[in-house]
Amino acid sequence: MRTLFSLLAIFALAFTNMVQAQDKVEITIEGNDQMQFNISEIKVEAAQTVVLTLKHVGKLQKAAMGHNWVLLKQGTNIQTFGSAASKAAGNEYIPEGTNDVIAHTKLIGGGQETTIEFTAPEAGTYDYICSFPGHYALMKGKLIVE
């Protein structure tokens, strides 16, 4: 009987760890001096905790080639947002008071990295960009929430 309880406890613990592992996903995305992200599509599950690390693998400083990662709400016009972001240098190119952003990293330069944690939104497809002036045209991708 004692062995049976021990086995049940082990299985319960293993199942709990599997469920917890599915509740959190870790993603690393890189930006470079050629204004490129290395990933153009990320898939996660709705309500999953996302731990996203942005690494700037280039050498140029933040003032010349800064990168961030900005997750936009569905329906946000990227060009309109990017234009507003270009005027928000004092806020790391995130327009103050915007309601268009779900999550974003800080702005980093060559050799730096930053990590954020957020809860994945409801199922759907969401745009992500770098909002440094002009970068959103090339540095963009889709977060697909299933």
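What follows is a short chat about a predicted model of a protein.

Q: What does the secondary structure of the protein come to?
A: The model is predicted, and in it the protein has three helices and eight strands.

Q: What pattern does that follow along the sequence?
A: The elements run α-β-β-β-α-β-α-β-β-β-β.

Q: OK, sheets. Which strands form the open sheet, and in what order?
A: Three strands make up an open sheet, ordered β1-β3-β6, with mixed pairing. From one strand to the next, the twist averages 20 degrees.

Q: Which strands stand at the edges?
A: β1 (24-31) and β6 (113-119) do. Each has a single partner strand, so one side of each has no neighbour in the sheet.

Q: And β1 with β3, parallel or antiparallel?
A: Parallel: eight bridges join β1 to β3, which covers residues 49-56.

Q: Which residue is the bridge partner of Thr28 there?
A: Thr53 in β3 is the bridge partner of Thr28.

Q: What holds paired strands together in general?
A: Strands of a sheet pair through backbone hydrogen bonds, either parallel or antiparallel.

Q: Changing topic. Where does Asp127 lie?
A: Asp127 is in strand β7, which spans residues 124-129.

Q: Buried or exposed?
A: Asp127 is buried, because its relative accessible area is 19% and the cut-off for buried is under 20%.

Q: What does the side chain of Asp127 make a polar contact with?
A: The side chain of Lys142, at 2.5 Å.

Q: Which residues does Asp127 touch, leaving out those up to four places away in sequence?
A: Asp127 touches Val70, Leu71, Leu72, Ile78, Gly141 and Lys142.

Q: Now Ser40. Where does that one lie?
A: Ser40 is in the loop between β1 and β2, the latter being residues 41-44.

Q: Is Ser40 buried or exposed?
A: Ser40 counts as exposed, because its relative accessibility is 53% and exposed means over 50%.

Q: What is Ser40 in contact with, beyond its neighbours within four places?
A: Ser40 contacts Tyr128, Lys140, Gly141 and Lys142.

Q: How many residues apart in sequence are Ser40 and Tyr128?
A: They are 88 residues apart in sequence, with their C-alpha atoms 8.9 Å apart in space.

Q: Back to the whole protein. What share of contacts joins residues at least 24 apart?
A: Of the contacts between residues at least 6 apart in sequence, 73% join residues at least 24 apart.

Q: And how much of the protein do buried residues make up?
A: Buried residues account for 40% of the 146 residues.

Q: What does the accessible surface come to?
A: About 8300 Å², and 52% of that belongs to carbon and sulfur atoms.

Note on methods:
Residues numbered from 1 in each chain as written. Predicted model: local features only at pLDDT ≥ 70, side-chain atom pairs only at ≥ 80, totals over all residues. Heavy atoms only, no water. Helix = DSSP H or I, 4+ residues; strand = E, 2+ residues; numbered from the N terminus. Buried < 20%, exposed > 50% of the residue type's maximum accessible area, 1.4 Å probe, protein only. Polar contact = N/O pair within 3.5 Å; in protein donor to acceptor, adjacent residues only side chain to side chain. Contact = heavy atoms within 4.5 Å. Areas by Shrake-Rupley, 256 points an atom, 1.4 Å probe, with all protein chains shown as cover. Pairing = 2+ DSSP bridges. Axes fitted to C-alpha atoms, helices over the stretch in contact; angles between N-to-C directions.
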